Amino acid sequence: MKRQSAKLGAPHAPDIWVGVNFWSRAGGPRMWRSYEPDVVTEELEAMRAHGMTVTRSFFYWPDFMPTPGALDETLVARYADFLDRHTALGMRTIPTFIVGHMSGQNWDPAWRQGRDLFGDVWFVARQAWYVRELTARFKDHPAVAAWLLTNEVPIYGDWRSRGIGTLNPEQVGSWAQILIDAVRAGGGRQPVSIGDGAWGVEVTGADNGFRVRELAGLVDFLGPHVYRMETDPVRQHLGAAFVCELLDFGGKPVIMEEFGLTSDYTSEVNAAHYYRQILHNTLLAGATGWLAWNNTDYDDLWENEPYSHHPFEMHFGLIDANGRPKAQALEVRDFTAVLERVDLARCSRPDAEAALIVPSYLENQYPFTQPGDATIVFDVGRQAYVAAREADLTVGVAREKDGIPGDCKLYLLPSAKQLTAPGWRALLDRARAGATVYASHFAGEHNNQRGVWWPGLDEMFGVVKQSRYGLVEPITGDEVTLTMTTALGDLRAGDELVFPVAGTANSRSYLPVEPAGAEVLARDAAGRPALLRHAVGAGWMILSTYPLEYMAAITPHANPEPTWRLYRALGRFAGVETAVSFDTPLVNAALMRHEDGRVFVWCVSQSGTDVKTAPAVSGGVLRDEDGAPVSVVELPPYGVRVLELSA
């Protein structure tokens, strides 16, 4: 299975962005009113000194377009100077046009007068004029790397709902097309995207009108904005990576357009850990650009909105108010050094032999289904992705809506209440052709059509259901222990796997079955079949009667939990090749291949303490930066080390 790692400008001049979202500490969003060029140069130099060569900059809309038919020429001239200062430092920027939302506040041009952002024809025409005119002014400037239409426009369009259920996708798509056409009409030849955050239904399961699948055909790159709050450190570190995996649409590059944290929420040591994990894990998930939020702190703006009422927004900076680089800035510097060492512009992710299936219920909004049926697909999929990464599986994320790929050895369908009938037929065909298909039971969180929507479950898995209509079989206790009765991969008979138990009265349930052709691989503490293997054609269907991934997904601080051991065993049983692996979920291995044949191995720690572990290497030798063989990998807390795998 091919995995995306597309780059802007590829294949002739691949372009990797590492930089920041930029407001000057002299004014923040209102910096253009009191533009201080020497301060701006100092701020840009600080970014350049830490390896960052790209900024994302903003035309604060109320100031740049004071009337429906005019630009503020003084501010336009100041922006031209801003561009010149980028060029002088060997830097580029991405101008952002419709900046009506920023850092916890929305601002309108004085003349908007309540007009609908997307549906008012006159108002959309004024936006298009504004975009075209600004593009025409700066289209030939060497400092312009790309264009963005907006900043987080779903929030600006309807901040109370973030657009969910209130914005019309047809209007949104037409609006985006008109504004992108305005960029082209203004002579802009650089890449363009929307700046919406990629929060569409395809990622979140909630429709905010900005459907990524549809908009991907209009833009040159996709730009997630990720500031997730989590209850588990490993899910926190891999959550943005899973979002990047979900954004494989049309071969478009994925740029981490916004990510970061406020120093008011965390220690500097932990902020550095977070940055390190987000940068490296999103790279391994296919991202090829990173723009941190943001360049500097704004302590002197404490009386000004939005900082007066959202004071934590003052301290997202990589540089503090006194000009001191925070540890986060050093992490970005070190990350860029790694990118240069491996020559990321010429690297790509290896193909996957294992596929993580994402049911189409995440995005399709089938009739008479519940909103929770969609959003839980994200939660369960992310937890399964965590387990696969802990198992060192090279896994691809495959959307049912796009068709089940036919070239994998292992298919993982985690805690799935719903898959379409054609989706099940496709998985059964893959098994008959020689693949291993794993699926785990999940009755759903609510009681509307509670139960697995799996047609022909008994025949597919070689079992006879013992379930009762309208009832579930509750899981009692806080843990469930599965004991292997038959070997599977590297799991041996007698091995015990202990999983956390969680869920609602509906979802905290198992599927009672008896084998009818299937082989029991594991039983629970009561002796009931919990994991079964059934031969189908040249391959296998494997059933877990417990919703293992779901229960871990909703359990705080669950990871690592033993689903990674099950996935590793499934991978080995299915014949999935793993070039480098660790016998611990606390260190994850992932590969990148250079076009000249070199193979780089990322070793990423999920341990909050120092860790020392020996890798298992297949068909080569791990070497460090100096070419010396590596038999033991030592990592500091949440550390990352990049080695080379040589023959």
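User: How many nonpolar, polar and charged residues are in the lining of the second largest cavity?

Analyst: Rolling a probe the size of a water molecule over the atoms shows where empty space is left. In this predicted model, the lining of the second largest cavity has nine nonpolar, two polar and two charged residues. Nonpolar means Ala, Val, Leu, Ile, Met, Phe, Trp, Tyr, Cys and Pro; charged means Asp, Glu, Lys and Arg; the others, Gly among them, are polar. A cavity is a set of points, on a 1 Å grid over the protein atoms alone, where a 1.4 Å probe fits but cannot get out; a pocket is an open set with protein on both sides within 12 Å along at least five of seven lines; lining residues have an atom within 4 Å of a point.

User: How much space lies in the second largest cavity, and which residues are closest to its centre?

Analyst: About 70 Å³. A volume is the space filled by probe spheres set on the grid points, which are joined across faces, edges and corners. Of its 13 lining residues, Asp196, Ala198, Val212, Leu215 and Leu222 are closest to the centre.

User: How many cavities of 30 Å³ or more are there?

Analyst: Five. The largest cavity holds about 150 Å³. It has 18 lining residues, with Ile376, Val377, Ser415, Ala416 and Lys417 closest to its centre. Two elements give two or more residues to this lining: β13 (354–358) and α12 (371–390). α12 gives the most, six residues. Helices (H or I, at least four residues) and strands (E, at least two) are DSSP runs numbered from the N terminus. By class, the lining of the largest cavity has nine nonpolar, six polar and three charged residues.

User: What is the volume of the largest pocket?

Analyst: About 1400 Å³. The largest pocket has 48 lining residues; nearest its centre lie Val226, Tyr227, Arg228, Met229 and Gly260. Among the elements giving two or more residues to this lining are β8 (225–226), α9 (233–246) and α10 (268–284). α9 has the largest share, four residues. The lining divides into 21 nonpolar, 20 polar and seven charged residues.

User: What share of the protein counts as buried?

Analyst: Of the 647 residues, 61% are buried. Buried means under 20% relative accessible area, exposed over 50%, partly exposed in between (1.4 Å probe, protein chains only). The protein has 16 helices and 33 strands.

User: How should I read the numbering and the confidence limits?

Analyst: Residues are numbered from 1 along each chain as its sequence is written. Local features need pLDDT of at least 70, side-chain atom pairs count only at pLDDT 80 or more, totals for chains, interfaces and linings use all residues, and side-chain values use heavy atoms, with hydrogens and water left out.
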